[in-house]
Amino acid sequence: MSGDDACGPGRVMVGVSGSLGSVTALCRAAAEARRRGAALWPVLAWEPPGGELAARRSAATILLVDEWERLARQRLCEVLAEVFGDAGPGVPVHGLVVRGNPGRALVELADRDDDVLVVGTGRRGWHRVFSGRIAGYCVRHARCCVLAVPPSPLEGVLAAAHRRNSWHLPLDAEQLS
């Protein structure tokens with residue numbers, strides 16, 4: 001065992017963006033933290049609009065960095081409040097907002113042997129080609145256990161309802177159950 005054992009029973013780190021997949025992962029991470037008696041570490045990683053390269057090209061972006069970070073902190077607080085309410089998750093919470101690529105940031109933060117990194121796997125089907133990159137990166141590069149949480153079945157139902165609405169097709173309430 002490493003010298004990190006004195007730091008407590010480990011950490012359950014989870015990537016949070018506010019998407020349905022990340023909310024599903026956050027709920028699963030809270031359950032895992034309760035089961036292990038560990039602290040919950042929700043992490044919101046952000047990058048400047050257009051990416052780091054675009055941010056370096058413009059001097060005006062330097063003035064906006066503090067605002068973007070403030071907005072990221074606000075988003076993390078909103079997600080935690082929406083998911084857990086006033087009661088909280090039942091374990092200590094240490095929210096983090098970091099600037100950087102989400103996959104790399106999560107892997108760098110979850111650096112202890114006894115950490116567990118929880119990530120949402122993104123949407124199913126064709127959309128997964130574009131949305132599963134963070135989870136895949138974490139699975140390939142993490143030095144700790146990674147728990148990849150599939151999307152909630154509700155996410156598929158909501159996506160189908162959205163498709164029907166966008167095509168102006170009638171929606172039968174029985175299809176939602």
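The legends below describe close-up views of a predicted model. Residues are numbered from 1 along each chain as its sequence is written, and side-chain values use heavy atoms, without hydrogens and water. Local features need pLDDT of at least 70 and side-chain atom pairs 80 or more, while totals for chains, interfaces and linings use all residues.

**View 1. The largest nonpolar core has 24 residues.** Such a core is a set of buried (under 20% relative accessible area, 1.4 Å probe, protein chains only) Ala, Val, Leu, Ile, Met, Phe, Trp, Tyr and Cys residues joined through side-chain atoms within 4.5 Å. Val-12, Val-14, Leu-26, Leu-40, Trp-46 and Val-118 have the most contacts inside the core.

**View 2. Leu-40 and its contacts.** Counting heavy atoms within 4.5 Å as contact, Leu-40 touches residues including Val-12, Leu-26, Phe-84 and His-94, with those up to four places away in sequence left out.

**View 3. Arg-11 lies over the face of Trp-41.** The distance to the ring centre is 5.3 Å; the rule asks for CZ of Arg within 6 Å of that centre and within 35 degrees of the ring normal.

**View 4. Residues 125–131 have pLDDT under 50.** pLDDT is the predictor's confidence in each residue, from 0 to 100. The model has four contacts beyond four places in sequence for this stretch. Helix H5 (residues 128–131) has the lowest mean, 44, whereas strand E1 has the highest, 97.

Technical notes: Buried means under 20% relative accessible area, exposed over 50%, partly exposed in between (1.4 Å probe, protein chains only). Helices (H or I, at least four residues) and strands (E, at least two) are DSSP runs, numbered from the N terminus.
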